[in-house]
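Here's a quick briefing to read alongside the model. Keep the viewer open and click along as you go.

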Amino acid sequence: MLKNHLKLAFRRLIKNRFYTLINLLGLSVGFASVLIIFLFVKKERAFDKFHSKLDRIEHLAIVTERDGTAQKSTRTSGPILVELATDYPAIEAFSRYELSGGSKFVSDSTISEDLAISHSTFLVDSKFNEIFDFKLKYGQYPDFDNDHSAIIITESKAKALFETGQKAIGRSVFSSFNKEEYIVKGVIEDIPESSSLRFDCLTSLMGAYPSVEGKTSFIKMWGNNIVNNVVLFKKGVTREQRELVAHEIAESYNTRVVHQELPSSFEFQPFKEAHFDLATNDHFSGQTDESYLLIFSTIALVILFASLANYCSLTLSQSVERVKEIGIKRTVGASTMNLISHYFFESVILTSSAFILALIIIEVSVPEIESVINKSLGVHIFSDLTLLSICFSAVVLVSFLAILYPAYIASRSGLSNFKALGSSALFGRTSFIYIVNCFQATVFVFLLAATLFVNQQLDFVQNENLGFNKEHVLMVSVNTRESIFKKNELKAAFVKSPYVQHAAISSSYPVEHARPRYAVKEELNFIEYTADAEFLGVFGFDLIEGRPLENLEHHKNYTILNETAIEALGYDEPIGKQFNGKEIIGVVADFHAESKRELIKPLAIRLFEHDGFGWALMRLKSDNIQAAMDDVLERYEEVTGSSKITYRFFDEQYDKIYASEKVIKYLMQIFTGIALLISFFGVFGSSSYTVRRRVKEISIRKVLGANLIDLNRAINKSGLQYLVISALVAIPLSYWWINDWLAQFSYQINVGALNYAPVLMITALLIIPAMLFQVVKVYHTKTVNYLKDE
């Protein structure tokens with residue numbers, strides 16, 4: 001019996017190659033998409049879960065109110081917990097760490113710097129390992145507070161330096177920067193992908209800030225917010241108790257730090273929420289907007305439902321052609337369960353094949369997707385056989401549930417209900433098909449509109465109305481060992497380049513590193529840039545009033561403000577007036593110094609009062625960027641004597657502030673495209689069912705003289721009505737969702753009725769042909785083929 005079922009199922013699938021292919025494509029692409037989204041969401045939800053004390057770990061965050069907006073940072077002062085933690089019994093342990101940035105190490109001090117291996121370094125104290133669970137594989141965790149030469153490295157870096165992790169223990173490594181020697185005391189396992197804290201080595205925090213006689217170390221200064229203070233609370237400590245501790249710490253801090261422009265408050269940030277806390281993004285790796293996970297989960301459910309609904313409707317459509325087969329089986333004594341079993345075996349073969357094809361699609365597509373979005377999706381399905389088995393079982397189960405309806409419809413009635421093709425009352429109920437069709441069309445319009453408007457908004461925030469030109473701006477670091485004392489010489493050399501239009505030394509640049517300030521006399525929060533006079537020319541800021549700064553000593557007493565600052569100050573004629581102790585000599589047009597999520601803030605630009613540091617900014621001529629780069633590198637080497645240059649392009653730095661949105665944009669495009677494809681298959685299948693159910697009616701109408709237009713009007717009238725209903729449902733839903741999403745941006749696109757015209761046009765161009773195809777096919781087939789049974 002089993003052999004016969006399998007044989008018949010295979011024959012049936014092979015005979016109907018076209019529908020089998022559509023089902024395979026729909027199911028496999030749907031399964032692949034759902035699995036990718038499921039594993040991606042699972043990975044994002046699993047961030048930092050490997051820490052056994054995760055629920056009790058919290059970062060101390062400093063909060064400053066500016067213009068009604070709370071600015072939060074986990075970078076706080078070094079002595080806070082050292083001096084205050086013992087006053088609070090709720091605190092079980094605490095630690096401090098600081099992201100030092102990139103370091104390069106060699107295993108022998110004589111090895112060339114060119115062969116040094118880069119390491120991302122955390123400066124930590126001795127209690128770091130008591131709070132976080134980064135597994136030690138070899139050696140032991142050192143007393144970093146007293147052993148300033150100790151270092152812990154990850155296993156992969158140990159292998160790169162010493163071939164194996166075991167060989168690294170007790171060996172020396174040398175900083176390529178100053179040849180300082182460190183002794184490897186331990187080797188830890190490589191940091192998991194699901195870690196918000198990412199580093200390659202740990203060194204002593206106290207060793208990085210040595211005590212100097214007569215001077216206070218930076219690490220011991222109140223108000224010098226450079227480290228991350230992390231707390232491990234005792235079990236049973238409530239949220240209210242933690243908030244009380246933070247409040248009392250704030251009181252102690254504000255009494256000690258009297259030079260700050262605004263009083264500060266403190267709060268504890270649960271480490272388990274760090275991955276999704278976009279308001280605090282000081283050093284956490286790979287943060288994600290949690291709302292996007294909900295969006296992707298919803299898309300996954302839609303894709304799964306659409307795939308199974310398509311499968312169900314296509315199977316029901318095929319059942320119209322099987323009335324004779326079912327009738328003959330009934331005649332020879334086939335039971336209802338026997339007929340359902342036959343459908344089930346077909347379903348198992350088809351869904352199993354689709355699942356295997358889905359795994360192939362995942363293996364092929366995931367690396368490509370990751371390369372496009374520059375982010376790991378965490379999809380390693382073959383590494384977990386248990387998960388793979390569960391997924392396969394779930395696929396078979398839901399596919400079986402999807403097949404129950406057409407199997408039940410085809411097997412529940414008596415023999416008298418099975419009539420000639422197309423006239424059977426058995427398949428006369430179309431409610432299910434129309435509901436599925438309507439749902440899929442609604443999903444189609446909604447996803448198409450959402451994706452279109454998300455793309456428009458992201459293009460707007462990245463490229464339109466910025467207030468400056470972000471293209472062709474090269475930034476060369478002048479804060480390295482080779483360049484820190486030769487900044488002016490470098491600038492002079494760069495200015496002489498035929499490929500450079502403007503050059504300036506600046507401590508900061510738009511979007512990142514703007515310095516928050518508070519003008520006490522004017523009672524105004526503002527951000528400030530300190531730079532050379534050419535700073536305006538590099539970015540093309542529009543000076544709308546007054547005159548620009550010049551690189552003259554007395555111009556250090558001047559400042560330039562933006563329009564928002566002038567408006568906030570209430571100055572009708574700002575030139576010559578004072579602001580924060582300096583004379584206003586110019587006004588620049590507003591530009592987006594920060595993300596477009598934020599309103600434009602009051603801003604000031606002034607010259608360096610002391611020696612400048614940071615970046616040499618250059619606007620390159622757009623004729624030949626590669627030639628310009630080669631020339632700049634050559635001039636840098638001539639001045640510094642080193643080819644070790646650190647540089648960035650500003651447009652790439654600017655795009656990083658929307659990195660999360662770009663990932664979401666690409667993923668939405670991919671999975672929305674898949675959902676639209678599956679919805680298209682669904683409409684095609686539903687149309688096929690409708691036409692096959694009414695094929696005799698079409699043939700009779702054709703004999704009586706109906707043309708193709710008349711037939712399409714008669715057959716697809718209901719379908720078009722449901723399409724209109726779908727649009728009427730989807731448009732308000734998408735309008736509500738997109739406006740809710742746009743609310744996070746202070747500057748946004750306008751979404752009106754005319755913006756939906758392309759959406760409706762694309763929907764009509766894709767769905768209507770799918771509805772018309774089957775009618776055209778029947779119309780051009782010989783009528784006798786459908787009427788010969790009468």
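Predicted model: local features only at pLDDT ≥ 70, side-chain atom pairs only at ≥ 80, totals over all residues.

Residues are numbered from 1 along each chain as its sequence is written, and side-chain values use heavy atoms, with hydrogens and water left out.

- Helices (H or I, at least four residues) and strands (E, at least two) are DSSP runs, numbered from the N terminus.
- Strand β20 covers residues 582-588, and six of its seven residues are buried (buried is under 20% relative accessible area, exposed over 50%, partly exposed in between, with a 1.4 Å probe and protein chains only).
- Two strands pair if DSSP finds at least two bridges between them; β18 (residues 558-562) runs parallel to β20 over five bridges, with Asn-562 partnering Val-588.
- Strand β17 (residues 543-546) is antiparallel to β20, with three bridges, and there Leu-543 sits opposite Val-588.
- Strand β19 (residues 578-579) is also antiparallel to β20, joined by two bridges, and Gln-578 faces Glu-583.

**Salt bridges**

- The structure has 20 salt bridges, a salt bridge being a side-chain nitrogen of Lys or Arg within 4 Å of a carboxyl oxygen of Asp or Glu.
- Glu-267 and Lys-72 form one at 3.2 Å, N to O, and this pair ties together distant parts of the chain, with Glu-267 in strand β12 (residues 265-270) and Lys-72 in strand β2 (residues 69-73), 195 residues apart.
- Glu-267 counts as partly exposed because its relative accessibility is 32%.
- Glu-155 and Lys-159 form another, with the closest N and O atoms 3.9 Å apart; both lie in helix α5 (residues 155-162), four residues apart, or about one turn of the helix.
- Glu-155 is at 12% relative accessibility, so it counts as buried, while Lys-159 is at 45% and so counts as partly exposed.
- Glu-44 and Lys-43 also meet in a salt bridge, at 3.6 Å, N to O, and both residues are buried.
- Glu-58, Arg-239 and Arg-242 are linked in a salt-bridge network.

**Aromatic rings**

- There are 37 aromatic pairs; rings of Phe, Tyr and Trp (its six-membered ring) pair if their centres lie within 6.5 Å, and planes under 30 degrees apart count as stacked, over 60 as edge-to-face and the rest as tilted.
- Phe-40 and Phe-296 are edge-to-face, at 6.1 Å centre to centre and 80° between the planes.
- That pair links distant parts of the chain, namely helix α2 (residues 17-45) for Phe-40 and helix α9 (residues 290-320) for Phe-296, 256 residues apart.
- Phe-40 is buried at 4% relative accessible area, and Phe-296 is buried at 1% relative accessibility.
- One aromatic cluster has members including Phe-468, Tyr-509, Trp-615 and Tyr-654.

**Charges over rings**

- The charged end of Arg-256 sits over the ring of Trp-222, 4.7 Å from its centre (the cut-offs are NZ of Lys or CZ of Arg within 6 Å of the ring centre and within 35 degrees of the ring normal).
- Lys-577 lies over the face of Tyr-571, 5.6 Å from the ring centre.

**Cysteines**

- The structure holds zero disulfides (a disulfide is a pair of cysteine sulfur atoms within 2.5 Å).
- Cys-201 counts as buried at 0% relative accessibility, and Cys-391 counts as buried at 11%.
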